[in-house]
Amino acid sequence: MPVLCAVPCHGTKLFCLEEVMLSLKNLKAVDKIILLADYKDDWFTGYLKEKVADYGLNAEVITIGDTRNEPIDFEDKYTAAGYKFNLAKDYALKNGFDYLFWMDGDVFAGPNTVEKMLAATDGYTIVSAMIRLVDKKLGKVFPVHCKDFSHHQLFFFFSHLSTD
């Protein structure tokens with residue numbers, strides 16, 4: 001049951017990159033990690049490669065233009081996220097992975113997250129984790145699946161891949 005972890009990354013998320021890298025380093029039951037970086041930012045791609053080496057991750061940094069050898073100009077961040085997800089799905093299928101664990105580039109997963117999600121699949125194709133969103137103004141914590149309710153952008157989810 002090989003598992004691929006795909007993480008879309010963007011240079012605007014530097015404030016939490018160290019925590020994300022540490023989270024990925026401690027993540028169990030993942031066979032490989034791919035970090036999907038924006039094509040137009042050569043500095044950030046190089047920086048991600050340095051961080052992968054610093055943390056000793058079994059990870060590959062892929063810029064989203066690599067597959068077409070040209071810059072991709074997206075209308076908005078949601079179109080880019082969809083493209084990155086499809087790129088990760090295709091990579092997983094091409095390289096023999098059975099599962100895809102998708103984690104946003106500003107989210108930290110606990111070490112046993114993938115193991116728990118594997119245990120929860122039980123016939124389901126997609127399993128989504130519950131995230132706690134803190135509303136400091138209201139002083140409350142809300143369980144959510146999405147951080148942007150208008151576009152339903154997921155924090156992370158787990159999917160069983162099939163070539164059928």
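Reader: Hi! What should I know about the model and the numbering before we start?
Author: Hi! It is a predicted model, where local features need pLDDT of at least 70, side-chain atom pairs count only at pLDDT 80 or more, and totals for chains, interfaces and linings use all residues. Residues are numbered from 1 along each chain as its sequence is written, and side-chain values use heavy atoms, with hydrogens and water left out.

Reader: Great. Which way do strand 1 and strand 2 run?
Author: They run parallel, joined by 6 bridges. Strands here are DSSP runs of E with at least two residues, helices are runs of H or I with at least four, and both are numbered from the N terminus. Two strands pair if DSSP finds at least two bridges between them. A6 stands opposite I34 in strand 2.

Reader: And what about strand 2 and strand 3?
Author: Those two pair in the parallel sense as well, over 5 bridges. L35 has V61 in strand 3 as its bridge partner.

Reader: Is strand 2 mostly covered or mostly open?
Author: Mostly covered: 5 of its 6 residues are buried. Buried means under 20% relative accessible area, exposed means over 50%, and partly exposed is in between, with a 1.4 Å probe and protein chains only.

Reader: What handedness does the unit of strand 1, helix 1 and strand 2 have?
Author: That β-α-β unit is right-handed. The term applies if, with the strands pointing away from the viewer, the path from the first strand over the helix to the second runs clockwise.

Reader: Nice. Which residues of helix 1 are buried?
Author: L17, V20, M21, S23 and L24. Seen down the axis of helix 1, they fall within an arc of 160°, so they line one face of the helix. The arc is that of the directions from the helix axis to the C-beta atoms. Their cover includes strand 1, strand 2, helix 2 and strand 4.

Reader: Switching to charges: how many salt bridges are there?
Author: There are 3, each a side-chain nitrogen of Lys or Arg within 4 Å of a carboxyl oxygen of Asp or Glu. One of them joins K51 and E18 at 2.5 Å, N to O. This pair links distant parts of the chain, with K51 in helix 2 and E18 in helix 1, 33 residues apart.

Reader: How many aromatic pairs does it have?
Author: The count is 2. The rings of W43 and Y47 have centres 5.1 Å apart and planes at 10°, so that pair is stacked. Rings of Phe, Tyr and Trp (its six-membered ring) pair if their centres lie within 6.5 Å; planes under 30 degrees apart are stacked, over 60 edge-to-face and the rest tilted. W43 is exposed at 51%, and Y47 is partly exposed at 23%. The rings of F85 and W102 have centres 5.4 Å apart and planes at 75°, so they are edge-to-face.

Reader: Last one: what does K84 touch?
Author: Not counting residues up to four places away in sequence, K84 touches P8, C9, L36, D38, I64 and W102, where contact means heavy atoms within 4.5 Å. K84 is found in helix 3 and counts as buried at 6% relative accessibility.
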